[in-house]
Amino acid sequence: MIISELFSYPIKGGKYRPHSSTILFGTGLADDRQFLVIDENDRFVTQRTHPDLARLQIELAVTARLVFDGKSVSFPRASRTHPQRKVQVWNDQVSAYDLGEEAAQFLSAQLGLPLRFCEAMPAGGERQIANSSAQGKSADYFFADSAPFL
């Protein structure tokens, strides 16, 4: 197999991040689709309905920093002290940490609707793999659509 380009999407539906190399885990590429924007019904928000998400990126260190068109906000990464939510990713209910009011207010102001920002729990959660060749199988992965590796 030859891989000529490698990208991850730290925020599901957000701006991609190119890699010359990365780490692979059982849950997928390091940090791939580990963060999620949700609406007031706890459903994930996509570029299909909100194309401006393509301009949203995240910088990760001890804290997280959301960046949208040169504006940014920093906040702590998820920990067990953050409230947990059940979020809807297509047909799956997935547990996530809500990253708080600063991130929510920033996203809501930039995108013009009430939004929350979530980080995946350390173990993404067993989910069915939505692929006909893997029928009936499940895997532990974060917010990717249908499998740890797409």
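Buried means under 20% relative accessible area, exposed means over 50%, and partly exposed lies in between (1.4 Å probe, protein chains only). R77 counts as partly exposed at 21% relative accessibility. This is a predicted model, in which local features need pLDDT of at least 70, side-chain atom pairs count only at pLDDT 80 or more, and totals for chains, interfaces and linings use all residues. Residues are numbered from 1 along each chain as its sequence is written, and side-chain values use heavy atoms, with hydrogens and water left out.

Start with the sheet. Helices (H or I, at least four residues) and strands (E, at least two) are DSSP runs, numbered from the N terminus. Two strands pair if DSSP finds at least two bridges between them. Three strands form an open sheet in the order β6-β7-β8, with antiparallel pairing. β6 and β8 stand at the edges, each with a single partner strand, so one side of each has no neighbour in the sheet. On average, neighbouring strands here are turned by 20° against each other, direction ignored. Axes are lines fitted to C-alpha atoms, for helices over the stretch in contact; angles run from 0 to 180 degrees between N-to-C directions.

Now follow β7 into β8. The two strands pair in the antiparallel sense over six bridges. T63 has P76 in β8 as its bridge partner. F68 stands opposite K71 in β8. The two strands form a hairpin with two residues between them, and D69 in the turn has a positive phi of about 50°.

D69 also forms a salt bridge with R55, with the closest N and O atoms 2.4 Å apart. The term covers a side-chain nitrogen of Lys or Arg within 4 Å of a carboxyl oxygen of Asp or Glu. This pair links distant parts of the chain, 14 residues apart: D69 sits in the loop between β7 (63-68) and β8 (71-76), R55 in the loop between β5 (35-38) and β6 (56-60). Both partners are partly exposed, D69 at 46% relative accessibility and R55 at 34%.

The structure holds nine salt bridges. One of them joins E119 and R77 (2.7 Å, N to O). E119 lies in strand β11 (residues 116-120) and R77 in the loop between β8 and β9 (84-89), so the pair ties together parts 42 residues apart in sequence. E119 is buried, at 5% relative accessibility.

R85 and D98 also meet in a salt bridge (2.6 Å, N to O). R85 is in strand β9 and D98 in strand β10 (residues 92-98), 13 residues apart. R85 is partly exposed at 24%, whereas D98 is buried at 2%. Both belong to a network of salt bridges that links D42, R85, D98, E101 and R116.

What lies across the sheet? Helix α1 (residues 101-111) lies across β6, β7 and β8, running at about 160° to β8.

A nonpolar core is a set of buried Ala, Val, Leu, Ile, Met, Phe, Trp, Tyr and Cys residues joined through side-chain atoms within 4.5 Å. The largest has 19 residues; I11, V37, L56, L66, F75, L107 and F117 have the most contacts inside it. β5, β6, β7, β8 and α1 each give two or more residues to this core. α1 gives the most, with four. Contact means heavy atoms within 4.5 Å. Leaving aside neighbours within four places in sequence, V37 is in contact with residues including I11, L56, L107 and F117. A second, separate core of eight residues includes I38, F44, V87 and V94.
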